[in-house]
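Dear colleague,

Please find below the structure that I promised to pass on, followed by some notes on what turned up when I went through it.

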Amino acid sequence: MSRFPFGIPNGWFLVAYSEDLARGAVKRMRYLARELVAFRGVSGAAHVLDAYCPHLGANLGEGGVVVGDTIRCPFHGWRWDGQGACAEIPYAKRVPAAARAEAFPTRERNGMIFAWHDAQRRPPSWEIPDLPEWHDADWLTPWLRYEWTVKTHPQEMAENGVDWPHFAAVHKTTMPEQRGATFGPHVYRWTVGASKDVSTLDGVHDELVMRAENWGLGYNFLRQNGRFRTVVATGLTPIDAETTHMRMGVIAKRDGADAEALARELRAYMDEHAVVATQDFPIWENKKFRAQPALAEGDGPIAEFRRWAAQFYA
């Protein structure tokens, strides 16, 4: 019996970093409990399709080739555009009416590629925001990257932002004195202020203020002011209903610092944050979702978060 009653949520999900999909490249992926293929056409646009060719089922991610702005099936040479339409059958003059691949609306934002999932195949009802820091020359890019595969569900991971007591119990930080959360359509925003020692920087003590935005259950970014001014963007992409591919990317403001020196110190600083992120993994991978938890005063707005999260399911 499943530990989580949710299924795959609707929304935008990070499927690749832009730098990992060059023009003419094809990338096989398993997300959303299915096989997918991403490709970038000669015009530069990225696309995501169901991987299995509608003709006789070949996996377009294994041997598929980009031709113009289409992907050509390795089995019989049928070509599919980014919207799933059949662009060519090399040995036939007429394209059958049923010849259509399932296409996932795709957006490229902030050096990341997102695919839209909706269980009822409805079009996107909201958009991933642009980050001004990503386009600012005074910010160190590209993303400094970390990633993990975790046996849990994105909703369980996203709930952490408002589970304030766990910061002290799990991460050994002070109980956040500055904390709050607001919930709206598609996005919830939360703030946490805390302090901790940074073991990877010779015990440097850091006073942190994190202001985050969770856009759906698959993507969040937080602006963190402490030793550095950083933006930390996290993708929570379901591989299946109980497994999540977690990616964490970081960029930092230069403030006149040498880029190479800043990159080295930032890596050491964020290595500590990566360790903090993994401290939740044994709990997530072994816990069970309680639909009616026995909440106590000071637990944070967990019930309100769950009401907000309900909008992302069919």
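Is arginine 121 buried or exposed? Arginine 121 is exposed, at a relative accessible area of 63%, where exposed means over 50%, buried under 20% and partly exposed in between, with a 1.4 Å probe and protein chains only.

This is a predicted model, in which local features need pLDDT of at least 70 and side-chain atom pairs count only at pLDDT 80 or more, while totals for chains, interfaces and linings use all residues. Residues are numbered from 1 along each chain as its sequence is written, and side-chain values use heavy atoms, with hydrogens and water left out.

On the backbone, arginine 121 has a positive phi near 60 degrees and sits in the loop between β11 (112–117) and β12, strands being DSSP runs of E of at least two residues and helices runs of H or I of at least four, numbered from the N terminus. Aspartate 255, in the loop between β18 and α3, also has a positive phi, of about 50 degrees, and is exposed at 52% relative accessibility. The peptide bond from threonine 141 to proline 142 is cis, with omega near 5 degrees, and proline 142 belongs to strand β12 (residues 139–150).

The largest cavity holds about 600 Å³, and its lining comprises 29 residues, with Phe167, Trp190, Met210, Leu222 and Ala277 nearest its centre; lining residues have an atom within 4 Å of a point.

With best regards

Key. 1 Å grid on protein atoms, 1.4 Å probe; cavity = no way out; pocket = protein on both sides within 12 Å on 5 of 7 lines; lining within 4 Å. Points joined across faces, edges and corners; volume = space filled by probe spheres on them.
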